[in-house]
Amino acid sequence: MREDQRETAEDPRRRIPRTDRLLALPEVERARAALGEHVVRGVVRAVQDRARGGHIAPEDVPAEVLRALGDRPSASLRPVLNATGVIVHTNLGRAPLSEPARQALLEAAGYTDVEFDLAQGTRSRRGAGVRTALLGACPDAEDALVVNNGAAALALTTTALAAGPERDEVIVSRGELIEIGAGFRLPDLITSTGSTLREVGTTNRTHATDYTDAIGPATACVLRIHTSNYRISGFTSAVPIAELAPICRDAGIPLIADLGSGLLTPEALLPDEPDIATALRDGADLVIASGDKLLGGPQAGILLGRADVIARLARHPLARAVRADKLALAALEATLAGPTAPVLEALRTDPEALRERTARLAERVDGRLVPHDGRVGGGGGAEVPLPGWAVALEPELATPLRTGDPAVVPTVREGECLLDLRCVPEADDDSLVEAVRAARDTLAGREERPTR
Ligand SMILES: *Cc1c(COP(=O)(O)O)cnc(C)c1O
């Protein structure tokens, strides 16, 4: 075809329906009510572009627009079946919420009395319900405060406890200056609030005298950080909270314990993991934990401890900048009041029951049953293996599984694609089987294409 003949009446591109005609289709009109004008126009434009590029026939444009609008989720976050065996997986949104927590979150999504006393018709304390639930779950605390996340709780604490430039030192052991994820370092977080970091001890050993030597008129607080994601072993020593507490009390300095994981009470399966009740009973004045690690709730920073310390934090202007939203407050309260959270269920999975379930699934998808340790993951017991099982499949399945619907995230190890059911709700076993079959179909389709 000569260049000047291209744009003739015969050009199929002329048959691509115009935008106003597509927008006027009744189904598209309805989609505009649900999706917003710019989103719908974007979809229409993208389909027209595909027709212009010759990827679809002009006649198929209206049907393709309807299909694209129908498939379009209202948010880009997709639900995932976590088949990694890692319980608190930060890349996968950490703790999955319990049913009651999901329900509470939905109910709070509209107008709600988060800061209002319905009987009196007056303003009330924000988050009063979750505070009561926290104090019920942690009777050793005098008061509680919930903020946006664990890092915010720590930043608020070091900021609010510093009393001017002459008294802004936060004393921390050198063995506890950790990076918590992707370049975020707790020492940087502390100094970013304007506090001065006063490092004591060495990487492997810190003694009580290191603290007593450092405490002085410039001390704002003493901070113990649980090194939740690494271990030092060998010639080590740290000062337990129970030993540090009387030292701080005598000096009139608050002792802060950043525990990370948010275990409310000791957990037999994680003997080295500190818990909130024990830390408070051992004499910590303030305990910091995340809501979405082993506590099993929404993203939140939980502060529990002495009433005067909590009051000081709650009064600080930064408290407003890091306050928890109503959805998190609702979900956290329901998590605390509800049944055992899904993260703890996953942690306490009976290996024998898991073996039987995994063997049944392996048979249905033609996979092999292999031993596979689960992990707690972020924020606690990171190195503790949790004995369990997995279905071993061909490694090529990993990508189609991840990009399928539902999306399934497996572990790829030594030439195998492993599905660990520990963190997959049992009710989703059928979906998982379907997902594996669909992934195999996708692979088969891909292999056929080059031969065509
Ligand atoms: C996870 C963790 C944090 C940060 O908490 P986020 O809720 O992730 O902000 C702080 N300190 C410790 C010890 C942690 O394990």
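The points below describe the domains, the sheet and the helices of a predicted model.

1. Basis. Residue numbers count from 1 along each chain as its sequence is written. In this predicted model, local features need pLDDT of at least 70 and side-chain atom pairs count only at pLDDT 80 or more, while totals for chains, interfaces and linings use all residues; side-chain values rest on heavy atoms, with hydrogens and water left out.

2. Domains. The protein chain is assigned domain 1 (3-71), domain 2 (80-89 + 345-448) and domain 3 (97-338), with bounds from an automatic or database domain assignment. A distance of 40 Å separates the C-alpha centres of domain 1 and domain 2.

3. An open sheet of mixed pairing is formed by 7 strands in the order 5-13-12-11-10-6-9. From one strand to the next the twist averages 25 degrees. Strands (E, at least two residues) and helices (H or I, at least four) are DSSP runs numbered from the N terminus; two strands pair if DSSP finds at least two bridges between them.

4. Parallel pair. Strand 6 (residues 169-173) pairs with strand 10 (residues 219-225) in the parallel sense over 4 bridges. V172 has L223 in strand 10 as its bridge partner.

5. Helices on the sheet. Helix 12 (residues 307-315) lies across strand 5, strand 12 and strand 13, at about 30 degrees to strand 5. Axes are lines fitted to C-alpha atoms, for helices over the stretch in contact, and angles run from 0 to 180 degrees between N-to-C directions.

6. Helix 6. V130, A133, L134 and L135 are the buried residues of helix 6 (residues 128-137), buried meaning under 20% relative accessible area with a 1.4 Å probe, protein chains only. These buried residues pack against strand 5, strand 13 and helix 14 (326-337), contact being heavy atoms within 4.5 Å.

Notes: Buried < 20%, exposed > 50% of the residue type's maximum accessible area, 1.4 Å probe, protein only.
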